[in-house]
Amino acid sequence: GDVAVSQSMIGGIVSTQALSLIFSVLTVLILTAVLTRSILAGLVCVVPCGVAVVVVFGLMGACSIPLGIATSMFAAMAIGVGDDYAIHLWESARSRRARGGSRDEAVSSAVSGVGPAILIDALAVGTGFGVLILSQVPTNARLGALLAISIAACLVATFVLLPLILRWTLPGGPE
């Protein structure tokens, strides 16, 4: 019946979602690299979301959360939502560096300049998806929890890891 068909389809759906994850990362990397005219910018901007997805997959393994239809979708969705944080921080730091500031000054100024907006965005979107945790449908509740956690992890990676990376990678010549 329907249960047998659904169970047999899960493997195909999960593998398709894995391809979607790879496609999402590559798309963000390529588009960011093309639009910024910098492969380095593309690579830097996928780091926070990549770290967040790895952290959440690790958490899923530690908590024995199975990879199913909804739980396999969170990663591509998290990349689509969380890549904005890194792009905004990169662009703000790059433009501040282009105006003559040192790498450290540009990064510090960018974090203080766009950091509040990134934080508000993450809290709003994370809370919006987090509401799904209240769902009576376990699949929706798990998806909401995973998305909220991955957005939080992406936010932390953006504010902790990305400034360190930007201090090494911002264009503009030697200090």
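**A salt bridge and the helices around it**

Author: Glu91 is partly exposed, with a relative accessible area of 33%, where buried means under 20% relative accessible area, exposed over 50%, and partly exposed in between, with a 1.4 Å probe and protein chains only. The model is a predicted one, in which local features require pLDDT of at least 70 and side-chain atom pairs count only at pLDDT 80 or more, whereas totals for chains, interfaces and linings use all residues. Residues are numbered from 1 along each chain as its sequence is written, and side-chain values rest on heavy atoms, with hydrogens and water left out.

The partner of Glu91 is Arg94, whose side chain meets that of Glu91 in a salt bridge with an N to O distance of 2.5 Å; the term requires a side-chain nitrogen of Lys or Arg within 4 Å of a carboxyl oxygen of Asp or Glu. Because Glu91 and Arg94 are three residues apart in helix α3, about one helical turn separates them. Arg94, at 29% relative accessibility, likewise counts as partly exposed.

The structure holds two salt bridges, and the other pair is Arg167 with Asp104, whose side chains meet at 2.9 Å, N to O. This pair links distant parts of the chain, since Arg167 lies in helix α5 (residues 138-169) and Asp104 in helix α4, 63 residues apart. Arg167 is partly exposed at 29% relative accessibility, and Asp104 is partly exposed too, with a relative accessible area of 45%.

From the side chains we can turn to the packing of helix α3. Two packed helices are described by the angle between their axes and the distance between the axes. Helix α2 (residues 39-62) and helix α3 (residues 69-98) have axes that come within 8 Å and cross at roughly 145 degrees; axes here are lines fitted to C-alpha atoms, for helices over the stretch in contact, and angles run from 0 to 180 degrees between N-to-C directions. The crossing of α2 past α3 is right-handed. On the α2 side, the contact is made by Ala41, Val44, Cys45, Pro48, Cys49, Val53, Val56, Phe57 and Met60, and α3 contributes Thr71, Phe74, Ala75, Ala78, Ile79, Gly82, Asp83, Ala86, Ile87 and Trp90, contact meaning heavy atoms within 4.5 Å. By class, these residues comprise 16 nonpolar, two polar and one charged, where Ala, Val, Leu, Ile, Met, Phe, Trp, Tyr, Cys and Pro count as nonpolar, Asp, Glu, Lys and Arg as charged, and the others, Gly among them, as polar.

Helix α3 also packs with helix α4 (residues 103-130), the two axes coming within 8 Å and crossing at roughly 160 degrees. The two helices are therefore roughly antiparallel to each other, given that angles under 35 degrees count as roughly parallel, over 145 as roughly antiparallel, 65 to 115 as roughly perpendicular and the rest as oblique. The crossing of α3 and α4 is right-handed, and the residues in that contact divide into 14 nonpolar, four polar and four charged.

Helix α2 in turn meets α5, with axes that come within 8 Å and cross at roughly 140 degrees, which makes α2 oblique to α5. Among the α2 residues in this contact are Val44, Pro48, Cys49, Val56 and Met60, and the α5 residues include Leu146, Ile149, Ala153, Ala157, Leu161 and Ile165. The contact of α2 with α5 has 19 nonpolar, three polar and no charged residues.

Arg37, in the loop between α1 and α2, has phi near 55 degrees, a positive value in a residue other than glycine, and is exposed at a relative accessible area of 77%. Ser64, in the loop between α2 and α3, also has phi near 55 degrees and is exposed, with a relative accessible area of 63%.

Conventions. Helix = DSSP H or I, 4+ residues; strand = E, 2+ residues; numbered from the N terminus. Left-handed = near helix turned anticlockwise from the far one by under 90°.
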